[in-house]
Amino acid sequence: MNKRILIAFLFVTFPIFAGADSLWFLRESTLTYHVSHPLHQTEGVSHGAKGKGVCHAGQCDFLIAVPVKSFDSGDSNRDLHMLQVTRGAEFPLVTVRTRVPESAAVSATINVDLEVQFAGQTAQYKQIPFKVEIHGGETHIAGTIPVKLSDFKIEPPSLLTMAVKNEVPVHVEMTWHHQ
Amino acid sequence: MLSLIFPVCLCVGFAPALIAQIPAPGTSSSMVTGTPGSGQQDSLPNAPSSSTNPPSLTDLGLTPEQTQGNAKEQALLDKRTHMLKIHQRMGLITTVPLIATVIASMGAGGKDTSTASRDLHAALGGVTGDLYFITAYYAIRAPRVPGTETRGPIRFHKAMAWIHGPGMILTPILGIMAFDQKSKGEKVHGIASAHGPVAIITAGAFGAAVLSVSVKF
């Protein structure tokens, strides 16, 4: 009898303990990289990011992925060159992973540690501040990741023998839906 | 009985966690983990761990086609960039004899011109033409990336080629005709008299093509 109760208990409780408490889904996103060159200031924009957050025991694990080729600078030649120097065909996704306390969702600003995989390399960015705004059931976050080309061993492209700056900040705007 | 069911429960409950630990497609074991700024490799205090069920790429609805790298496409992009870099470099080099040819043209025409100044102009024009066609070769032969729509300043850059391309063929032909007429002591006449205007239009289109991809308007 005890064995049966134990089996029934395990069947009921295991999926509960193993399952997520809540989920976050990326509803909308705008990621903008900024490239500086003595003759150009260029921006490339992507709305192609996909993301999901899984919360468990007060901690939320987030994964965001964006195809490298989804960035549009308004110049197809530049976009193809960007795809080449970042090895975007070989490594087609930029992925960002982070863990945030569930309670942070109600803060005005959160500082998060990011693990970014890009161009076959992994870089970590610590305590990146993001502004948080809650509108109804959706949470809007905005911030800038101070990406450097050297973090990912990308050789800075050059035009007229002048290379672009190593700093390529990526501004992030995201709207998340909590479920 | 319990020993049989327990592993089943574990598999059901933690299967996503096991799946999440499988390296994501498009990544490789040669990836380097670095900390920007410090250059040290240390674990983050709130970095994701595999103790819960962190989301994976498949959770995002990405297909294997979207996540897997394509070495063939990368090789195509590498070849394209390599050829266009040469195109860019050769184009810049070509502007030097092109400008010199235009300057030398001022002493090549008119009534009181010497044979030497005409020869210099013709020689510079010849060098310009050779370099121009080498430049054009690298642009024409650079591989196209399928499914790419041409957008931005590169459209103007390519459109200019329809002017300076024929111009670079026509200008030396007209120049040779003008040179012959001048060498015979004749006044440049007929279609050869178009050498100057055609050359100016060609040089202007070439300059506009260079500027269109160099300076943001």
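**Exercise 1. Contact range in each chain**

*Solution.* Start with the term: two residues are in contact if their C-beta atoms, placed from the backbone, lie within 7 Å.

Before going on, a word on the model and its labels. This is a predicted model, in which local features need pLDDT of at least 70 and side-chain atom pairs count only at pLDDT 80 or more, while totals for chains, interfaces and linings use all residues. Residues are numbered from 1 along each chain as its sequence is written, and chains are lettered from A and ligands numbered from 1 in the order in which they are written.

**Exercise 2. Two fold patterns**

List the helices and strands of chain B and of chain A.

*Solution.* Helices (H or I, at least four residues) and strands (E, at least two) are DSSP runs, numbered from the N terminus. Chain B has six helices and one strand, in the order α-β-α-α-α-α-α. Chain A has two helices and 11 strands, in the order α-β-β-β-β-α-β-β-β-β-β-β-β.

Buried residues account for 23% of the 217 in chain B and for 39% of the 179 in chain A.

**Exercise 3. Two helices of chain B**

Compare the end-to-end reach of H3(B) and H5(B) with the expected span, then look at what covers them.

*Solution.* The expected span is 1.5 Å times one less than the number of residues.
- H3(B), residues 71-105, has 35 residues and reaches 50 Å from first C-alpha to last, close to the expected 51 Å. Its buried residues include B:Leu77, B:Gly91 and B:Leu98. Their cover includes H2 of chain A, together with H4 and H6 of chain B.
- H5(B), residues 153-183, has 31 residues and reaches 43 Å, close to the expected 45 Å. Among its buried residues are B:His157, B:Met160 and B:His164, and H4 and H6 of chain B are part of the cover.
- H5(B) also has a kink of about 30° at B:Trp162, shortly before B:Pro166; the bend is the angle between axes fitted to the seven residues ending there and the seven starting there. Just after this helix, B:Gly185 takes a positive phi of about 80°.

**Exercise 4. Buried or exposed?**

Decide whether B:Arg141 is buried or exposed.

*Solution.* B:Arg141 is found in helix H4 of chain B. Inside 10 Å there are 11 C-beta neighbours, so B:Arg141 counts as exposed.

**Exercise 5. The largest nonpolar core**

Identify the residues of the largest nonpolar core that touch the most other members.

*Solution.* A nonpolar core is a set of buried Ala, Val, Leu, Ile, Met, Phe, Trp, Tyr and Cys residues joined through C-beta atoms within 7 Å. The largest one holds 47 residues, and A:Ile64, A:Ala65, A:Val66 and A:Val116 touch the most other members. E4(A) gives the most to this core, with six residues. Beyond four places in sequence, the contacts of A:Val66 include A:Leu31, A:Leu93 and A:Val94. Apart from this core lies another, of eight residues, among them B:Leu98 and B:Met160.

**Exercise 6. Strand pairing**

Trace which strands pair with E8(A).

*Solution.* Strands pair if DSSP finds at least two bridges between them. E7(A) and E8(A) are antiparallel over six bridges, with A:Lys131 opposite A:Ala142. They form a hairpin with two residues between them, and A:Gly136 in the turn has a positive phi of about 60°. E8(A) and E11(A) are antiparallel over eight bridges, with A:Ile145 opposite A:Val170.

Technical notes. Buried ≥ 20, exposed ≤ 12 C-beta atoms within 10 Å, placed from the backbone.
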